[in-house]
Amino acid sequence: MRIGIDVGGTNTDAVLLDGRQVLAAVKTSTTADVTSGIVAAFAGLQAQRAFDPADVRAVMIGTTHFINALVEARRLAPTAALRLSLPAGASLPPMVDWPQRLVDAVSGSSHLVHGGHEFDGRHIAELDEAEVRRAAQSMGEAGVRSVAVSSVFSPVNAEFEARAAEIIAAELPGVAISLSHEIGRIGLLERENATIINAALRELAAHIVDGLASAVTGAGITAPLYLSQNDGTLMDVDFARRYPVATFASGPTNSMRGAAVLSGLDTCAVVDVGGTTSDVGVLRHGFPREATTDVTVAGIRTNFRMPDVLSIGIGGGSRVRGEAGAVTVGPDSVGYELTSKALVFGGDTLTATDIAVAAGRAEIGDPSLVAHLDKDLVAAALRRIATDVADAVERMRTSAEPLPVVAVGGGSVLLPDEMAGAGTVHRPDHYAVANAIGAAIAQIGGEVDRVYAVEPGRRDAVVDEAKQEAVDRAVAAGASPSTVQIVDFDEVPIPYLPGNATRIRAKAVGELQLTDTKGR
């Protein structure tokens, strides 16, 4: 058995699975302290289907805590950025394009020193260790508690980043250090940004992960704990402490993975309708299609692994305005105040949930409180929702072929049974807790993204080398070797670089290798 939990801004969803069979599913309110909401979820599962905690083999949790902390600019550690790039790469200093409020929130300081590589591994300049020591001393005097180290083309050769980390650790014992080659992809500024964000979240990550772990052990469960990553795979708690930025998009990703399992469709569009927004993504071979462009998070450009998701302001709490002839739904929402502000709960605000109840699509609150609504207004609001969501699905298509639509999330009752351009809308069993199911069935992954100099006649050997490295990384992360396979592969020649330069990206995934409580 596995337990999957998704901690959202409003609700914490939990499921108990035996293989792919759902034994129990609950929704509880998310709590400010993280742990008590999860403890309540465990209790809810136990009440619905009694189980022996010793029989649980793994607990998987998806959380929005880290991206919320960044968006709200709260609980971020004083952070310094060290870039190894001189004499090149000095015109745009670290954090140059950050919103000022976030620079202030991380007490951001930057340091440029000599170092870095060309795309083929040649040195731009030798690493100046004395410069690094002086930078570290300056960081210490400024009270820095976390450091982000980036170097030009470090995904090709990470030697300078690794050496700089050794020097900083010696000068500033106890300071958390994040290295860009472990976090982002090719593209210095975006990779550096992702690394600084990660560094700023390290202290919070330790606190949150410890809280999650204590909630699990408090429920009597001794099985290992995993957190969901942006790409639909899992990481253990030690990895999560070091790389909190890898959890940012775990919510939409879990919903998409859960939709694939529940519907049996591995290539489709998924519409996850929550309380505030509807997230639209596309699954390819059972995994979310990744964004091919830079992803902006809280106003900061980054390039770490993120799913290609389009969010629109339509959810169960969306405000409905206008008359039958010209009705609008959203983008503003009553959010977590739904149970006090919506008409069906005795409030005074017309929401999409009221529309769903009036149309007979949901049984929530007191239906008599919306019996007076004009039927034409209800029908017009539902048409507006259907049109806006269909437009979003259409924008996510990349080919002329029809794309099946799977609707998940508690608010998906707002969607029609047929959608223009997509045909029948699939709304599988347990759709309301698809995110928790996606967390529970997540796999272990490994990825390589690097620029290779491909010599004539060696293309196949280079490709095989990249794929094997991705497989090895998945196994090292905890995947069962016999189940690992390549699920995504890209090969893009870079004509403006010499030496037949080719950017190769390979992603491998496999099933989590579980042991029982006796170590088998």
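Student: Which elements each supply at least two residues of the lining of the second largest pocket?
Tutor: Keep in mind that this is a predicted model. The elements are β10 (234-236), α8 (237-242), β22 (444-453) and α14 (459-476).
Student: Which of them gives the largest share?
Tutor: β22 does, with six residues of the lining.
Student: How much space lies in that pocket?
Tutor: About 840 Å³. The lining has 30 residues, and the closest to the pocket centre are E182, F239, R305, E447 and R473.
Student: How does the lining divide into nonpolar, polar and charged?
Tutor: There are 12 nonpolar residues, seven polar and 11 charged.
Student: OK, new topic. What is the strand order in the six-strand open sheet?
Tutor: The order is β3-β2-β1-β4-β9-β10, with mixed pairing.
Student: Which strands stand at the edges?
Tutor: β3 (21-29) and β10. Each has a single partner strand, so one side of each lacks a neighbour in the sheet.
Student: By how many degrees are neighbouring strands turned?
Tutor: On average, 25 degrees against each other, ignoring direction.
Student: And β1 with β4, parallel or antiparallel?
Tutor: Parallel. Six bridges join β1 (residues 2-7) to β4 (residues 58-63).
Student: What about helix α7, which strands does it lie across?
Tutor: α7 (residues 202-218) lies across β4 and β9 (225-228). The helix runs at about 130 degrees to β9.

Conventions: Residues are numbered from 1 along each chain as its sequence is written. This is a predicted model: local features need pLDDT of at least 70, side-chain atom pairs count only at pLDDT 80 or more; totals for chains, interfaces and linings use all residues. Side-chain values use heavy atoms; hydrogens and water are left out. On a 1 Å grid over the protein atoms alone, a cavity is a set of points where a 1.4 Å probe fits but cannot get out, and a pocket is an open set with protein on both sides within 12 Å along at least five of seven lines; lining residues have an atom within 4 Å of a point. Grid points are joined across faces, edges and corners, and a volume is the space filled by probe spheres set on the points. Helices (H or I, at least four residues) and strands (E, at least two) are DSSP runs, numbered from the N terminus. Ala, Val, Leu, Ile, Met, Phe, Trp, Tyr, Cys and Pro count as nonpolar, Asp, Glu, Lys and Arg as charged, and the others, Gly among them, as polar. Two strands pair if DSSP finds at least two bridges between them. Axes are lines fitted to C-alpha atoms, for helices over the stretch in contact, and angles run from 0 to 180 degrees between N-to-C directions. Contact means heavy atoms within 4.5 Å.
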